[in-house]
Amino acid sequence: MTDIVGKRFWFFVAAGIIILFSIISLANFGLKPGIELSSGSMLTVSFEQTVVKSELQEEMASAGYPGALIQQTGEGGFLIRTEELSGEEKTDLEDALQNRFGATTESEFYSVSPMVASETARNAGIAIAVAAVGILLYITWAFRRMPKPFRYGACALIGLGHDILVALGVFAVLGGMFGWEINLMFITGILAVVGYSVNNTVVVFDRIRENLSRRVSTDFKTVVNNSIAETISRSLNTSLTTLFVILAMLLFVGASIQNFAVVMLIGVIAGTFSSVCIAPNLLVVWEEGKWSSLFKRNPQPAAEARKS
């Protein structure tokens, strides 16, 4: 039988390294908030004549927007992000671009004020916090007939925190190296990861509850290891099929849901790892009361599991 519990030292080390990488990435690069979370204006425009990015950047500086962010979208189109533009400022900018490059076609324009952006960012944080508290309370209530049900909710929440930290760390790197921004699709992806990760963890916890009720073993480590072994195929198959859908979205739907798809891609992989290798093993450590040995190797890992 697969000895997941006996290898918990290595899983905790791996999770620790991943979390450390994420924290260093966040401290080094930070997150680049998109227009929905930091305010500003976004103009999507294309030109009849060929325009290179450097020329457009030069013209934006001449028009009074030296800090404008410009991204080429192909087919002669550009995304131009500036500080929030009033109606008059937008008209003046369009006139300046037409005078320099000829006829232009505007396909999209929207602005987000600092107040709206601040409120959106605050509400996103509240949504994630409320979801986390709700998960803790729900899992504690769902396992209320078990001894110490709070531990199930707390361990699920720790696994969830690991998944979110991984996603934030990867996006910090993507933002620092490639200019990726976090936007509302990113927030939506994080909330989707919250639901997915907890669902996978609850499947394992539920099997632990069943095996404890059936008195499979008097040793908690053996019960947990048996439960993981019995559910691991289901967890991996579910994650694999979900990844196929996410990859299809990423490859064929387009850039509009890019952040959502990438967050889900990271979250499903991290969530599968945490639900199988982190959260149940934390239950074992908590049950044994050996938090000080969290990163110490067990000389005789889960020998009982191999006997069962």
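Analyst: Let's start with what counts as a disulfide: a pair of cysteine sulfur atoms within 2.5 Å. Keep in mind that this is a predicted model. With that cut-off, a search of the whole structure turns up zero disulfides. Take Cys155: the nearest cysteine sulfur belongs to Cys277 and sits 14 Å away, so Cys155 is in no disulfide, given the 2.5 Å limit. Looked at from the other end, Cys277 is in no disulfide either, and its nearest cysteine sulfur is that of Cys155, 14 Å away.

How covered are these two? Cys155 is buried, with a relative accessible area of 0%. Cys277 also counts as buried, at 8% relative accessibility, because the cut-off for buried is under 20%.

Strand β3, spanning residues 77-82, is mostly hidden, with five of its six residues buried. Its partner here is strand β1 (residues 40-47); the two run antiparallel and are joined by six bridges. To find your place in that pairing, look for Val45, which stands opposite Phe78 in β3. As a rule, side chains in a regular strand alternate between the two faces of the sheet.

Leu240 has a relative accessible area of 45%, so it is partly exposed.

Key: Residues numbered from 1 in each chain as written. Predicted model: local features only at pLDDT ≥ 70, side-chain atom pairs only at ≥ 80, totals over all residues. Heavy atoms only, no water. Buried < 20%, exposed > 50% of the residue type's maximum accessible area, 1.4 Å probe, protein only. Helix = DSSP H or I, 4+ residues; strand = E, 2+ residues; numbered from the N terminus. Pairing = 2+ DSSP bridges.
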